[in-house]
Amino acid sequence: MKTVAILNYKGGVGKTTSTACLAQALALVGYRVLAIDNDYQHNLTIMLGRRSSKPGIRDIYHGSVGTGAAILTESILTTEIENLSLITSSGDLTNDDLRDPFLLQKCIRFAKLGARFDFVLIDNGPGLDRVQQAALHASDLVFVPTELSHFAISGLYEMHRVMATRFPDDPPITGIIPALCRGTKQQAAYLRALEQLFPGKLTRTQIPYDSVFDGLTEQRKVLFLHRLASKAADLYLSLVQELFHLDPAMVRLCIRRKRRDRLNDEATRRLERARLARNRVVTGS
């Protein structure tokens, strides 16, 4: 099992969208995935079609290793996507909820999540405080979505410096995901700067700004269920292949099957609705 922290000092750079879409894509390909919402804004919970519930991540942090591991197991919820589970967060999560920043790591091991999941993806709020440190300590890989601006790049370099200085035993930045891209000359210059600062870390796949994500969040819809044929879904499939070194042919085959199954399911539901409507007309009800 691989555990992945999605981190950035800065907010509004696509952390939650990246976590949700990568988790969905991995699950659709057939991996068993647990997404953990480690952010008081709990937008990952919403994006995956659930509501804040108890127990959740905050309750895990209130336990000891043994009780926390038991609460962690109890907190795991299913989602609309097969193979994708979720631990929710809530608006009352704070740093004060967590005394031991290594608790999440210990609970994951004590709960033996490796027997149930292939990947654990942890979404985080901006910063590198105690709650985010818990995700970092628990992880094998660190992915950093970033927008292409001066302040975002400065913050990314500062986070890299702090991680290397304060947490040398934790994984360094594994991959940097350019997000909210608009294809401007200025952004191209920032991409070149990132490549110089972090050689070999940038993903080839760049995620453009796309209003489809705002619409999905507002409508409480899931990208890979309700927009499976969209450009956004294709980009995240490319990204998951790149970050997790998956066979592109295998990924595309799995997704084609999922699309076919979904179309068949939708056709079956339409036929059933039509049949029920005809029966109501015949019976006069």
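Contact here means heavy atoms within 4.5 Å. In this predicted model, helix H1 (residues 15-29) and helix H11 (residues 231-244) meet through Thr17, Ser18, Cys21, Leu22, Ala25 and Leu26 of H1 and Tyr236, Leu237, Leu239, Val240, Leu243 and Phe244 of H11. By class, this contact comprises 10 nonpolar and 2 polar residues, with no charged residues. The two helix axes come within 9 Å and cross at roughly 80 degrees. Angles of 65 to 115 degrees count as roughly perpendicular, and H1 and H11 are therefore roughly perpendicular to each other.

Helix H8 (residues 185-197) has 13 residues, which at 1.5 Å a residue should span 18 Å; the end C-alpha atoms of H8 are 19 Å apart, in agreement with this expectation. Within H8, Gln187, Leu191 and Leu194 are buried. These residues cover an arc of only 60 degrees around the axis, and so lie on the same side of H8. Lys185 and Gln196, on the other side of H8, are exposed. The packing partners of the buried H8 residues are strand S6 (141-146), helix H7 (150-166) and strand S7 (175-178).

Several backbone features occur in loops. Most residues other than glycine have a negative phi, and most peptide bonds are trans. Lys54 and Pro55, however, are joined by a cis peptide bond with omega of about 0 degrees; Pro55 is placed in the loop between helix H2 (43-47) and helix H3 (57-61). His42, in the loop between strand S2 (33-38) and H2, has a positive phi near 45 degrees and is partly exposed, with a relative accessible area of 22%. Leu180 likewise has a positive phi, of about 55 degrees. Leu180 lies in the loop between S7 and H8 and is partly exposed, with a relative accessible area of 28%.

Key:
Residues are numbered from 1 along each chain as its sequence is written. This is a predicted model: local features need pLDDT of at least 70, side-chain atom pairs count only at pLDDT 80 or more; totals for chains, interfaces and linings use all residues. Side-chain values use heavy atoms; hydrogens and water are left out. Axes are lines fitted to C-alpha atoms, for helices over the stretch in contact, and angles run from 0 to 180 degrees between N-to-C directions. Helices (H or I, at least four residues) and strands (E, at least two) are DSSP runs, numbered from the N terminus. Angles under 35 degrees count as roughly parallel, over 145 as roughly antiparallel, 65 to 115 as roughly perpendicular and the rest as oblique. Ala, Val, Leu, Ile, Met, Phe, Trp, Tyr, Cys and Pro count as nonpolar, Asp, Glu, Lys and Arg as charged, and the others, Gly among them, as polar. The expected span of a helix is 1.5 Å times one less than its number of residues. Buried means under 20% relative accessible area, exposed over 50%, partly exposed in between (1.4 Å probe, protein chains only). The arc is that of the directions from the helix axis to the C-beta atoms.
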